[in-house]
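Reader: Got a fold to go through with me. Can you put it on screen before I start asking?

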Amino acid sequence: MLKPLITAVMLLAATPAFAADTPLTAAHYAQQLGVGMDVDWARTDRGIREFDPLIVRDFYNIGIRHVRIRVADPMTEARLIHLRKLVEACEEYGVIPVISYQADSFKADPDAKNEAQLVAWWSTVATFFGTDHPMLGFDVIYEPADKLNHDLPALNRAYEKVVKTLHDIDPQRMIFVAPRMRAAPEDLTSLKLPAHSQSYLLAEWHIFPWGPLKNNGKYPWTSGTAAEKAAIRGRINLALHWQQKTGHASWVGGWAVGESMKSMPTESQMAFASFMACELSRAKIPYAINADTQFYDGEEGAWRPAPEPLLKVMITPECEKPDVKPGHHEARSSAHGAQSATPAVASTAESKEQPASSASQG
């Protein structure tokens, strides 16, 4: 009989941020994000169908502190109701929800019509949530790319209009904006951020969204050579310098080691995961892991056994301290206080995943 009581106490202790009496700043919000995960709970037919609120409990128990809820389709009443279900489940189990819009039409053609559609989409979402759910974040454009790579004025103009629209509805809503070139840290300096929104505006950027992929015949990570590590640290430092110069906080919206769900992780994948997690932790930059379907089986309501060791390294790696001898490690402090619990078993229909959009996952 004690287990339900213990669980209730754990959940109450996990959610102080939702009931904060003092106004939340972007810097404090970034600290609350911790380690998260990109999820398809509102992006694919299968993700929508298989979602069960107890899945959020499983995420919390393994150490996930926020989820990036990707959405691809036009907003409808049914989708809004589903999003509210997700947000409420996140609040119940102490996980911060961030809604992220793919904005495929605007990326493909950033003209006035598609810009207006982007603003209207977010206006609909923001009006629906109003000033409720203060920890709910809005990620305006998931991976600005395509024609936006060559139209920086259109990107900055869209951000200005969307941010104004959202903050007219809720002046304290946390909003993320990402640079072009699929949120490359090198392009953070090209963002033109509204000064009046500084306390509630963050940047989203990422590297290796699907792991170290071959480019120009070379992999950016093989065995973790000094040059490979230096190149990754250089890109993280670009974001740190931008943060220091602008006073804005940032978040890595997704990184991965590559395909991981079908087999046990390789030694190279484990080393890369540990290095990335430790470097971002040292930089005090929160990050999300890409993506839920790699690690969690929504139909079974359980973590996939093969990649679970990899996931745990990505959440709580053992990191060397700069002032200790090589070979001595310290586990990255875990704020999640993970508790053992029976994984959720979602009652779902048996069918293959049918994307709600033909957009690629990136």
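Predicted model: local features only at pLDDT ≥ 70, side-chain atom pairs only at ≥ 80, totals over all residues.

Reader: Where is the place of Asp-38?
Author: Asp-38 sits in strand β1. Residues are numbered from 1 along each chain as its sequence is written, and side-chain values use heavy atoms, with hydrogens and water left out.

Reader: How do you define strands and helices?
Author: They are DSSP runs, numbered from the N terminus: helices are H or I with at least four residues, strands are E with at least two.

Reader: Is Asp-38 buried or exposed?
Author: Asp-38 is buried, at a relative accessible area of 0%. Buried means under 20% relative accessible area, exposed means over 50%, and partly exposed is in between (1.4 Å probe, protein chains only).

Reader: Which residues is Asp-38 in contact with, leaving aside neighbours within four places in sequence?
Author: Among them are Arg-68, Arg-70, Tyr-142 and Asn-290. Gly-253, Gly-254 and Asp-292 are also on the list. Contact means heavy atoms within 4.5 Å.

Reader: And what does Asp-38 stand opposite in β2?
Author: Arg-68.

Reader: How many residues of strand β1 are buried?
Author: Five of the five, residues 35–39, so β1 is largely enclosed by the rest of the structure. Val-35, Met-37 and Val-39 cover one side, Gly-36 and Asp-38 the other, and all are buried.

Reader: How many bridges join β1 to β2?
Author: Four, and the two strands run parallel; β2 spans residues 66–71. Three bridges join β1 to β8 (residues 287–289), also in parallel. There, Met-37 has Ile-289 as its bridge partner. Strands count as paired if DSSP finds at least two bridges between them.

Reader: What does the whole sheet look like?
Author: It is a closed barrel of eight strands, β1-β2-β3-β4-β5-β6-β7-β8, with parallel pairing. Neighbouring strands are turned by 25° against each other on average, direction ignored.

Reader: How many bridges for β6 and β7?
Author: Three, again in the parallel sense; β6 is residues 201–205 and β7 is residues 250–255. Trp-205 has Val-252 in β7 as its bridge partner.

Reader: Which strands does helix α5 touch?
Author: Helix α5 (residues 77–92) packs on the sheet against β2 and β3 (96–101), and its direction makes about 170° with that of β2. Axes here are lines fitted to C-alpha atoms, for helices over the stretch in contact, and angles run from 0 to 180 degrees between N-to-C directions.

Reader: Which strands does α7 lie across?
Author: β2, β3 and β4 (137–139), and α7 runs at about 155° to β3.

Reader: Switching to helix pairs. At what angle do α7 and α8 pack?
Author: About 20°, with axes 9 Å apart; α7 is residues 112–129 and α8 is residues 152–169. They are therefore roughly parallel to each other. Angles under 35 degrees count as roughly parallel, over 145 as roughly antiparallel, 65 to 115 as roughly perpendicular, and the rest as oblique.

Reader: Which residues meet there?
Author: From α7, they include Leu-118, Trp-122 and Ala-126; from α8, they include Ala-158, Val-162 and Ile-169. By class, this α7 and α8 contact has eight nonpolar, three polar and three charged residues. Ala, Val, Leu, Ile, Met, Phe, Trp, Tyr, Cys and Pro count as nonpolar, Asp, Glu, Lys and Arg as charged, and the others, Gly among them, as polar.

Reader: And α11 with α13, what angle?
Author: About 20°, with axes 8 Å apart, for residues 267–282 and 308–315. Met-270 and Ala-273 are among the α11 residues that meet α13, where Leu-310 and Val-313 are among the partners. The α11 and α13 contact divides into seven nonpolar, two polar and no charged residues.

Reader: What about α10 and α11?
Author: α10 (residues 226–246) packs with α11 at about 35°, axes 11 Å apart. Ile-232 and Arg-233 in α10 are among the residues that meet α11, with Phe-272 and Glu-279 among those on the α11 side. That α10 and α11 contact has six nonpolar, no polar and three charged residues.

Reader: Last one. How many helices and strands in the protein chain?
Author: 13 helices and twelve strands. Of its 362 residues, 54% are buried. Among contacts between residues at least 6 apart in sequence, 79% join residues at least 24 apart.
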